[in-house]
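Visitor: Hi! Could you walk me through this one while I have it open?
Guide: Happy to, let's start.
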Amino acid sequence: GFPSPADDYIEGWLDLNEYLVKHPSATFFARATGNSMVNAGILDKSLLVVDRSLQPQHEDVVIAAVNGELTCKILDQKAQMLRSANLSFPPIPITADTDCIIMGVVVHVVNRLCTHS
């Protein structure tokens, strides 16, 4: 066959585990559901790469267990709340009465573009 014009731009093979997972023993994958994080690029059914070894910082996207339910939100440490990236969804206040455990920081998002494969 003929060589592909794209061959000139190939830099080498990319190992997705090496690229996406910096701390293998502390990393897990989660599947997003819903539309509360669409403005952060997290779509319904996005694959989230979550690192438990990172200390959550203000404005990080995190996976949190709030009163026993897992959620993906933006950590707002200044206002003591978890915010959605979609104004249609209200924030979740973090008070002394809230059972909230940050499970990890979302470090990568994998979205599917082609729906017919």
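Visitor: Is Lys45 buried or exposed?
Guide: Lys45 counts as exposed, because its relative accessibility is 58%; exposed means over 50% relative accessible area, buried under 20% and partly exposed in between, with a 1.4 Å probe and protein chains only. This is a predicted model, where local features need pLDDT of at least 70, side-chain atom pairs count only at pLDDT 80 or more, and totals for chains, interfaces and linings use all residues. Residues are numbered from 1 along each chain as its sequence is written, and side-chain values use heavy atoms, leaving out hydrogens and water.
Visitor: Where does Lys45 lie?
Guide: In the loop between β1 (27–31) and β2 (47–51); strands are DSSP runs of E, at least two residues, numbered from the N terminus. Lys45 is not a glycine, yet has a positive phi of about 80 degrees. Most residues other than glycine have a negative phi.
Visitor: And what about the phi of Asn67?
Guide: Positive too, near 50 degrees, and Asn67 is not a glycine either. Asn67 sits in the loop between β3 (61–66) and β4 (69–76) and is exposed, with a relative accessible area of 52%.
Visitor: Changing topic, which element gives the largest share of the lining of the largest pocket?
Guide: That is β4, with four residues.
Visitor: How many residues line the largest pocket, and which lie nearest its centre?
Guide: There are 19 lining residues, with Ala32, Thr33, Leu70, Thr71 and Cys72 nearest the centre. Here a pocket is an open set of points on a 1 Å grid over the protein atoms alone where a 1.4 Å probe fits, with protein on both sides within 12 Å along at least five of seven lines, and lining residues have an atom within 4 Å of a point.
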